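I opened this model to look up a few local features and their surroundings. My entries follow in the order in which I made them.

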Amino acid sequence: QLSVLTVACEQTEVLLFDPISSKHIKTLSEAHEDCVNNIRFLDNRLFATCSDDTTIALWDLRKLNTKVCTLHGHTSWVKNIEYDTNTRLLVTSGFDGNVIIWDTNRCTEDGCPHKKFFHTRFLMRMRLTPDCSKMLISTSSGYLLILHDLDLNKTLEVGSYPILRARRTASSSDITSSSLSSPRAVGSPCHQNESGPLSEKQMSRSSQREGGSPRNSLEVLTPEVPGERDRGNCITSLQLHPKGWATLLRCSSNTDDQEWTCVYEFQEGAPVRPVSPRCSLRLTHCIEEANVGRGYIKELCFSPDGRMISSPHGFGIRLLGFDAHCSELVDCLPKEAGPLKEIRCLYSHNDVVLTTKFSPTHCQIASGCLSGRVSLYQPKF
């Protein structure tokens, strides 16, 4: 099995490296017609790239001179690619607010069948949980949307899905005391927001359910961010714990003068009656980030075992743990939200670091900065 590090570049390029030897393998100089934003491997040879040119491209490592196919369907910058291993469906999201499903089983040189699955305004990032049972969507207006018991074969239209609850996440055991609240309208550094993703009328009409969660039930949350109780925030980065226990968010204030990394644990159990809604996420850990590179999105990540977080921090990265011993999240859950512990800082860049990623197979971390430099680390503890 070939081990490859792929790098999405600000212009039109995709770079490929051997992560062990750091040797440059190949440059796809015209992979797209605009900035390349995200790369996702579907198996050990096929991968997809997405771009600000509104397209997604499929590539085969065995034949990199030409694309397998180009997928057209978005009308604005495409920012995220996910892959449902159960249905073998490709899932993409963009700044047009659309989440689109692609049937890669039926691809031709002209593309592959697709359909619009979901739409919301101010969409920033979209992720699937490791078991593909939930879809999480973050917005530049501070909302986090969760589609529970996910069914990608069912197209969703506004008002056609049951909405479980809409509320602010709690950081203590008092997670069942709030009632359904109307969306808050806030500004953001990325978009000027006029209203929430769904109207109060739609939420009230759609939340008249009891019992268990039906397929594609929508939960609308405004995650609590320390120090941001009275100010709006933009959820710029969204990641999932590799075991599906938690979600990891990077948030910036609406004035873009403060950033936080926050971990939210998924709460187990079926939702209760709407009169006492139960939030499915609980803030467990957080830390303030270096306010460097305002206006740029910094992508952070979990380690493959979920014990550490790698986060861009100024001109470097820092490794964070739930405690000083890098314990499992489930073994050190605090009663109230506590700080993430700084394990190690790594600096090798001369510009703002925008992304970082753990190797899924080796004790290795990669980081990339605004000027285009890629660094590889093999940390020792």
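I took residues 29-62 and found the end C-alpha atoms 17 Å apart, with the span 0% helix and 53% strand. Helices here are DSSP runs of H or I of at least four residues, strands are runs of E of at least two, and both are numbered from the N terminus. For residues 71-103 I noted 0% helix and 64% strand, with the end C-alpha atoms 11 Å apart.

**Basis.** The model is predicted, with local features needing pLDDT of at least 70 and side-chain atom pairs counting only at pLDDT 80 or more, while totals for chains, interfaces and linings use all residues. Residues are numbered from 1 along each chain as its sequence is written, and side-chain values use heavy atoms, with hydrogens and water left out.

**Whole chain.** I recorded 1 helix and 28 strands. Of the 381 residues, 56% are buried (under 20% relative accessible area; exposed is over 50%, partly exposed in between; 1.4 Å probe, protein chains only). Among contacts (heavy atoms within 4.5 Å) with a separation of 6 or more, 54% join residues 24 or more positions apart.

**Salt bridges.** I counted 17 in the whole structure, each a side-chain nitrogen of Lys or Arg within 4 Å of a carboxyl oxygen of Asp or Glu. Lys-79 and Asp-52 pair at 3.3 Å, N to O. Lys-79 is in strand β8 (residues 78-84) and Asp-52 in the loop between β5 (46-51) and β6 (55-60), 27 residues apart. Lys-79 counts as buried because its relative accessibility is 14%, and Asp-52 is buried at 10%.

Glu-289 and Arg-250 form a salt bridge at 3.5 Å between the closest N and O atoms; both residues are buried. Both also belong to a network of salt bridges with Glu-259, Lys-298, Arg-318 and Glu-342.

**Asp-323.** Which side chain of opposite charge is nearest to this buried residue? I found Arg-307, at 7.4 Å, and Asp-323 has no salt bridge (Lys and Arg count as positive, Asp and Glu as negative; His and the chain ends are not counted). Arg-307 instead meets Glu-328 in a salt bridge of 3.6 Å, N to O. Asp-323 is in the loop between β23 (316-321) and β24 (338-339). Its side chain makes a polar contact of 2.7 Å with that of Ser-327 (N or O atoms within 3.5 Å; within protein, one must be able to donate a hydrogen and the other to accept it, and residues adjacent in sequence count only if both atoms are side-chain atoms). The side chain of Asp-323 also reaches the backbone nitrogen of His-325 at 3.0 Å.

**Phe-315.** I placed Phe-315 in the loop between β22 (308-313) and β23. Phe-315 counts as partly exposed because its relative accessibility is 37%. Its C-alpha atom is 4.7 Å from that of Val-352, 37 residues apart along the chain.
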